[in-house]
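Please look over the sequence and the model shown here. A short report on selected contacts comes after it.

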Amino acid sequence: MGDHDAGLREQVEALQAVIERQDDVIRRQEERLAALERTAPIGDPVVDEPPTAVWDGTTDRRHLLSRAATVAAGAAVGGTALALGQASPAAAAQGIFDGNPAVVANGIGGYAVQAISDTGGAIVASNSNSSDTVTVSNYSALGRAIYGSGKNCGVFGVCPSGAGSGVVGTAYDGYGVEARVNAAAARAQLWLTGLASLPVPPSRSDFHIQGEVVFDVNEDLWLCTANGNPGTWRRVSGANTAGALTLLSSPVRVYDSRPGNPPVTGPKTPLANGASRTVDCTNNASGVPVGATGVLANVSVVNTSTTGFLAAFKTGTAVPGTSTINWFQVGSIVANTTVVACDATAHIDCYVPPTSSTDFFIDVIGYFR
């Protein structure tokens, strides 16, 4: 018995030494946490006091670890062999956590939060009252690695400095990042903002990679198509572009100046002697919407004077010094396909110079928006 008791005492002493080392580790981590909170980067939440945790009791983290180690020591005395090597993270305590933010995690040299789930969301965060829900996780085998539901923001990631990323999503069989809304009246699934302090992508000098999408300060959307400084960029759409071209299922005649020819809208007389005429490109149920930025159209002239030209242009702008169609003899029949900018109501104007006259008609093929 003497040798057995001596062996147990040695195990207890070894465990107590481990407990002391763990207490020292906790103390140093708390000092690091306090230092980080005093020097929080610009843009991080300001925390006047460390958030308090409301448990099913008043036990703090240090006391929980000490109690766990004491239980381990008791188990060893009772004859249960426990091997304590590299310390593992303590299990998360259940309960209601108070404070703003409710949970603070600072990862020094590694993950701040690591979550693994084989069947569902590794982290599921729901916040119906406050402004944001912030979630971070590492891996989920069969479910969502991150699932965030918030009043204003489901998942919100900020990288205050350096070359990191606010949110990174990697999937093996599904989507890297899935963004959706739950109601038809809700906002868009994806929101990109442009920083006034940054120039448009092609004029930048920093490195970019293929696949980046940027919404710039001029309200234009850009796609990076090749790596480089600043990379190769293509403007996709935006306030300074015509938008995408939508082709009609078949051309639609929206105006004809000749009497007896459909559609019946508009003057049924030749355009002559330095006059302009406005054409509504939504006529005849064409499918061109109000708000279209331009139309792809076929413009034709018939019954022409000896010489002249017709210019098509955006309603509300000055007559351009260019032509859409030219003719050089009486009774010419000439057609030309052109792109014409529209005003906000999808109207265009047509003009002929003095001493010229012609009938004309316009067939719309598609529109930009």
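The report covers salt bridges, a strand hairpin and a loop serine.

**Salt bridges**

The model is predicted. A search of the whole structure finds five salt bridges.

| Pair | N to O distance |
|---|---|
| Arg235 and Asp220 | 3.4 Å |
| Asp363 and Arg253 | 2.7 Å |
| Asp256 and Arg258 | 2.8 Å |

Side chains of opposite charge can pair when their charged atoms come close.

Take the pair of Asp363 and Arg253, whose side chains meet at 2.7 Å. This pair links distant parts of the chain. Asp363 sits in strand 18 (residues 357–368) and Arg253 in strand 10, 110 residues apart. Asp363 counts as buried, at 13% relative accessibility. Arg253 counts as partly exposed, at 27%.

Next is the pair of Asp256 and Arg258, with closest N and O atoms 2.8 Å apart. Asp256 is buried, with a relative accessible area of 0%. Arg258 is partly exposed, with 21%. Shared partners join Arg253, Asp256, Arg258 and Asp363 into one salt-bridge network.

How do strand 8 and strand 9 run, and how many bridges join them? Strand 8 (residues 220–226) and strand 9 (residues 232–238) run antiparallel, joined by six bridges. Ala226 stands opposite Thr232 in strand 9. Five residues lie between the two strands of this hairpin. Gly228 takes a positive phi there, near 155°.

Arg235 lies in strand 9 and Asp220 in strand 8, so the pair ties together parts that are 15 residues apart in sequence. Asp220 counts as buried, at 2%.

**Ser257**

Where does Ser257 lie? Ser257 is in the loop between strand 10 (245–256) and strand 11 (271–272). Ser257 counts as buried because its relative accessible area is 0%, under the 20% cut-off. Its side chain reaches the backbone nitrogen of Phe360 at 2.9 Å. Leaving aside neighbours within four places in sequence, Ser257 is in contact with Pro267, Lys268, Thr269, Arg277, Asp359 and Phe360.

Technical notes:
Residues numbered from 1 in each chain as written. Predicted model: local features only at pLDDT ≥ 70, side-chain atom pairs only at ≥ 80, totals over all residues. Heavy atoms only, no water. Helix = DSSP H or I, 4+ residues; strand = E, 2+ residues; numbered from the N terminus. Buried < 20%, exposed > 50% of the residue type's maximum accessible area, 1.4 Å probe, protein only. Polar contact = N/O pair within 3.5 Å; in protein donor to acceptor, adjacent residues only side chain to side chain. Contact = heavy atoms within 4.5 Å. Pairing = 2+ DSSP bridges. Salt bridge = Lys/Arg side-chain N within 4 Å of Asp/Glu carboxyl O.
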